[in-house]
Amino acid sequence: MHYQERILVWLSISVLVLFIQPISALELVRGPYLQSTTSSKTILCFRTSEVSTVKVEFTDGFTIRTISSTARDHTVNLTNLKTDKRYKYKILSDGKLLAGKYSFRTAPPQNGFGTLRGAVIGDSGKAGQAQNQVIAQMQKWKPDILIHVGDIVYPNGADEDYDLKFFQPLAKLLRSIPFFPCIGNHDAQSLEVYLKNYVLPERSGTERYYTYRYGPVQFIVIDSNLNYLPGSEQYQWLEKVLKARKRKSEWRVAYMHHPAFSSGKHGDTIDIQKYLVPLFKRRVNLVLSGHDHIYDRSMVGEGAGRKVPYIVSGGGGTDLFEVVPKPNSSVALSAHHFVAFKAFKGTILKRLRVKAISSQGQILDSLVAGK
Ligand SMILES: [Fe+2]
């Protein structure tokens with residue numbers, strides 16, 4: 001073969017190879033998931049396989065709006081939304097559908113009335129059958145919001161573990177209702193990842209502890225890995241939030257990872273009992289925690305006065321702990337479960353119902369809080 005012919009063959013092969021190279025298609029590799037939803041806005045987060053410009057198209061059924069985003073980790077603010085309204089949305093790349101159509105609902109009006117269904121999971125981030133069964137039960141409950149009481153991803157909250165242990169198993173819920181977590185001790189080992197993955201209300205000045213109102217409930221989220229002793233910034237913030245006159249929200253629910261009272265192997269957290277329980281008294285209707293991989297409920301309060309339920313919900317999917325019931329524990333079980341609540345406030349009636357539902361759908365506990 002002549003030199004020129006060899007060049008020609010080489011060129012032809014090169015052109016052929018160039019054409020049969022697969023063009024890597026842009027994919028959604030994480031999410032979408034909703035953050036910090038209020039009655040007028042929400043934040044849609046997702047990750048694409050590479051840095052790219054995509055469009056989020058959303059509609060209330062009348063008006064279609066579009067927002068562009070250029071990033072790999074996209075954080076798209078959907079603002080000026082109507083209160084208590086369902087929106088459909090989809091994510092597009094060059095006119096092609098990347099995700100959707102999905103939908104979300106904005107929060108009820110901030111006048112403290114209405115109904116809120118919540119699902120609470122803790123210590124879930126291991127992936128596997130138990131976690132999936134708990135999530136299937138949560139989906140049946142049809143919650144409006146999803147709360148995590150910490151230890152979202154084992155063993156140390158690393159970003160490469162997030163998809164398999166959190167975003168993928170919870171995908172259906174995360175794309176349609178907002179997620180409001182608190183930091184577990186395992187998550188705190190990768191604090192930067194936690195703070196990057198979530199966009200949380202930060203009226204306290206930090207995403208580590210915060211408060212938000214959703215329908216008839218004010219939630220108070222504490223970082224029990226961080227200093228919360230009297231004199232600390234977090235304590236001062238908490239005191240201010242709790243001592244503020246209850247405004248329109250009728251119910252107050254506090255949550256943090258470490259439990260004040262627990263019948264599991266980690267047991268009570270003495271500093272929380274000593275410094276935070278007195279603050280919660282008469283100011284909070286329900287306290288939720290995780291950390292011990294059990295379900296436990298203690299009714300706390302002296303004499304015949306109103307007692308506050310302190311619930312440990314650490315059976316969200318990882319290996320369970322044995323239970324050694326404490327004297328003030330009403331129910332203590334070693335079982336995979338989630339906590340379901342329904343808060344209601346009308347002009348006359350109000351109610352905060354709480355249930356623990358097992359991974360098999362059995363009611364493990366049921367109570368009316370805040371009587
Ligand atoms: Fe923990």
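Okay, a residue here is buried if 20 or more other C-beta atoms lie within 10 Å of its own, exposed if 12 or fewer, and partly exposed in between, with C-beta atoms placed from the backbone. By that count, buried residues make up 45% of the 371 in the chain.

Quick caveats. This is a predicted model, so to speak of local features we need pLDDT of at least 70, side-chain atom pairs count only at pLDDT 80 or more, and totals for chains, interfaces and linings use all residues. Numbering runs from 1 along each chain as its sequence is written.

Overall, we've got 7 helices and 18 strands; those are DSSP runs numbered from the N terminus, helices being H or I with at least four residues, strands E with at least two.

Now the sheet. It's open, with 7 strands in the order E9-E10-E11-E12-E14-E13-E15 and mixed pairing, where pairing takes at least two DSSP bridges between two strands. E9 (210–214) and E15 (329–333) sit at the edges with a single partner strand each, so one side of each has no neighbour in the sheet. Further in, E10 (217–221) and E11 (251–255) run parallel over 5 bridges, and Val-217 has Trp-251 of E11 as its bridge partner.

So what does helix H6 pack against? Its buried residues go against E9, E10 and helix H7 (270–280), contact meaning C-beta atoms, placed from the backbone, within 7 Å. In H6 (233–243), those buried residues are Trp-237, Leu-238, Val-241 and Leu-242. They cover an arc of only 125 degrees, taken from the directions from helix axis to C-beta atoms, which puts them on the same side of H6. On the face turned away, we find exposed Gln-236, Lys-240 and Lys-243.

Key
Two residues are in contact if their C-beta atoms, placed from the backbone, lie within 7 Å.
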